[in-house]
Amino acid sequence: MRLKAAPGGPEMVNALSNQNVHAIVTMLLEVLNQESFRNIANFLVKFNQRSQTNFTSALEDLRASFQTYPDAQGLYSTLESVNTFIDRVIALYQYNERTVGFLRGAIVEMLTSELVSQRCQPSECQSNQKFLDAYGREITGQIDVAVLSHNDSFAEGYECKIKADGLMSEDCDNLKALAQTALREDYYVHVGVTAFVADKSIENKLKHWDAPPYIAAYGLDSLSKLRTTPDYLGPNDSIE
């Protein structure tokens, strides 16, 4: 197998290069497995535009959730890095609703890529790729985060959504096609879906599309597991 770049449309390309997206992902990595991570993710899921009711108050609640314990005078303080982060969130929502949608999706995709790449060799983990078989034929459409190691013979694929509702049947078909071809070509393989919702919500959506059970769900309860080597399907496993 090999990979073929599939960068998608200009809106997603721009979203992945957006500095506010990069700053938010950096903060998410810093607070992974903390309550602050869940607070940020829930905010991004709930709000798709700044004109929504309670946007400003929710943003201030998010800022307050980072506050340190009170000092001797009983006053709380907020680190300057947190204020800078909140400014980045505000800047993210300055765009129209469609653009904000791409930016939110880019955050999930970039975070997934950062987590997975921590256990991969350089260039093994790439965003927005298609998988080709040994004969150079495309076997998948665009997959958000793709991993391919020729040295160790393993492949991974992840579709990334801000919410489980964004998961479509073609996403499941892509992951299924990758798994089937990888095993036929004697690769170990693991595929999954990531989103900023509870694992159960992703699992329910996978069941809705009659997705095979080997497509893993990585939600708010388990996203950090992406940093560890998964349980691969092997060439001796049958999933047809």
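How do the residues of the lining of the largest pocket divide into nonpolar, polar and charged? In this predicted model, the lining of the largest pocket divides into 5 nonpolar, 8 polar and 8 charged residues.

**The pockets**

The largest pocket has a volume of about 430 Å³, and of the 21 residues that line it, Met12, Phe102, Gly105, Cys160 and Lys161 lie nearest its centre. Two or more lining residues are given by each of helix 6, strand 4 (154-161) and helix 7 (169-184), and the largest share, 5 residues, comes from helix 6.

The second largest pocket, with a volume of about 160 Å³, is lined by 13 residues, and those nearest its centre are His190, Ala216, Tyr218, Lys225 and Pro230. Here the largest share of the lining, 3 residues, comes from strand 6 (residues 215-218).

**Helix 1 against helix 6**

Helix 6, which gives the largest share of the lining of the largest pocket, also packs against helix 1 (residues 10-17), at an angle of about 60 degrees and with the axes 8 Å apart. The two helices are therefore oblique to each other, and helix 1 passes helix 6 in a right-handed crossing. On the side of helix 1 the contact is made by Glu11, Met12, Ala15 and Leu16, while helix 6 brings Arg98, Phe102, Leu103, Gly105, Ala106, Glu109 and Met110. These contact residues divide into 7 nonpolar, 1 polar and 3 charged. Met12, Phe102 and Gly105, which take part in this contact, are also among the residues that lie nearest the centre of the largest pocket.

**Helix 2 against helix 6**

Helix 2 (residues 19-30) also meets helix 6 (residues 97-117): their axes come within 9 Å and cross at roughly 50 degrees, and these helices are therefore oblique to each other. Helix 2 passes helix 6 in a right-handed crossing. In this contact Val21, His22, Ile24, Val25, Leu28 and Leu29 of helix 2 meet Leu103, Ala106, Ile107, Met110, Leu111, Glu114 and Leu115 of helix 6, and the residues divide into 11 nonpolar, 1 polar and 1 charged. Leu103, Ala106 and Met110 of helix 6 take part both in the contact with helix 1 and in the contact with helix 2.

How values were computed
Residues are numbered from 1 along each chain as its sequence is written. This is a predicted model: local features need pLDDT of at least 70, side-chain atom pairs count only at pLDDT 80 or more; totals for chains, interfaces and linings use all residues. Side-chain values use heavy atoms; hydrogens and water are left out. Axes are lines fitted to C-alpha atoms, for helices over the stretch in contact, and angles run from 0 to 180 degrees between N-to-C directions. Helices (H or I, at least four residues) and strands (E, at least two) are DSSP runs, numbered from the N terminus. Angles under 35 degrees count as roughly parallel, over 145 as roughly antiparallel, 65 to 115 as roughly perpendicular and the rest as oblique. A crossing is left-handed if the near helix is turned anticlockwise from the far one by less than a right angle, and right-handed if clockwise. Contact means heavy atoms within 4.5 Å. Ala, Val, Leu, Ile, Met, Phe, Trp, Tyr, Cys and Pro count as nonpolar, Asp, Glu, Lys and Arg as charged, and the others, Gly among them, as polar. On a 1 Å grid over the protein atoms alone, a cavity is a set of points where a 1.4 Å probe fits but cannot get out, and a pocket is an open set with protein on both sides within 12 Å along at least five of seven lines; lining residues have an atom within 4 Å of a point. Grid points are joined across faces, edges and corners, and a volume is the space filled by probe spheres set on the points.
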